[in-house]
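Student: I would like to learn how the words used for a structure follow from their definitions. Could we go through them one at a time?

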Amino acid sequence: MLAPSNASSVMQSVVTWIATNLGWYYVVTVVAVIVFILWVALSKEGKVRLGPDHS
């Protein structure tokens, strides 16, 4: 809020560094989360109701 141009350049540098150095980690993490969600959804636990009985 106090220095938007400075904050913009800092954030751009941070995002570039993360994309360059941790891009593979991000992809692996997203794939692992998607696989886990599908595994839970397709297992018997996927049929468990999370709300009240009448919902």
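Tutor: Let us begin with accessibility: buried means under 20% relative accessible area, exposed means over 50%, and partly exposed is what lies in between, with a 1.4 Å probe and protein chains only. Please keep in mind that this is a predicted model, in which local features need pLDDT of at least 70 and side-chain atom pairs count only at pLDDT 80 or more, while totals for chains, interfaces and linings use all residues. Residues are numbered from 1 along each chain as its sequence is written, and side-chain values use heavy atoms, with hydrogens and water left out.

Student: What makes Trp24 count as exposed?

Tutor: Trp24 has 58% relative accessibility, and because exposed means over 50%, Trp24 counts as exposed.

Student: How do you know that Trp24 and Tyr25 form an aromatic pair, and which kind of pair is it?

Tutor: A pair of aromatic rings is described by the distance of the centres and the angle of the planes. Rings of Phe, Tyr and Trp (its six-membered ring) pair if their centres lie within 6.5 Å, and planes under 30 degrees apart count as stacked, over 60 as edge-to-face and the rest as tilted. The structure holds two aromatic pairs, and in the one formed by Trp24 and Tyr25 the distance is 5.8 Å centre to centre, with 80° between the planes, which is edge-to-face.

Student: Why is the pair of Phe36 and Trp39 called tilted?

Tutor: Their ring centres are 6.0 Å apart and their planes stand at 45°, so the pair is tilted. Both residues lie in helix 1, three residues apart, about one turn of the helix.

Student: What is counted as a helix here, and how many helices and strands are there in the protein?

Tutor: Helices (H or I, at least four residues) and strands (E, at least two) are DSSP runs, numbered from the N terminus, and the protein has one helix and zero strands.

Student: Is Ser43 buried or exposed, and where is its place?

Tutor: Ser43 has 18% relative accessibility, so it counts as buried, and its place is in the segment after helix 1, which covers 4-42. The side chain of Ser43 also reaches the backbone oxygen of Val40 at 2.9 Å. Across the protein, buried residues make up 2% of the 55 residues.

Student: What radius of gyration does the protein have, and what would a compact globule of 55 residues have?

Tutor: The radius of gyration is taken over C-alpha atoms, and the globule rule is 2.2 Å times the number of residues to the power 0.38. A compact globule of 55 residues would come near 10 Å, but the protein has 20 Å. Along the principal axes, the C-alpha atoms fill a box of roughly 55 × 30 × 5 Å.

Terms used: A polar contact is a pair of N or O atoms within 3.5 Å; within protein, one must be able to donate a hydrogen and the other to accept it, and residues adjacent in sequence count only if both atoms are side-chain atoms.
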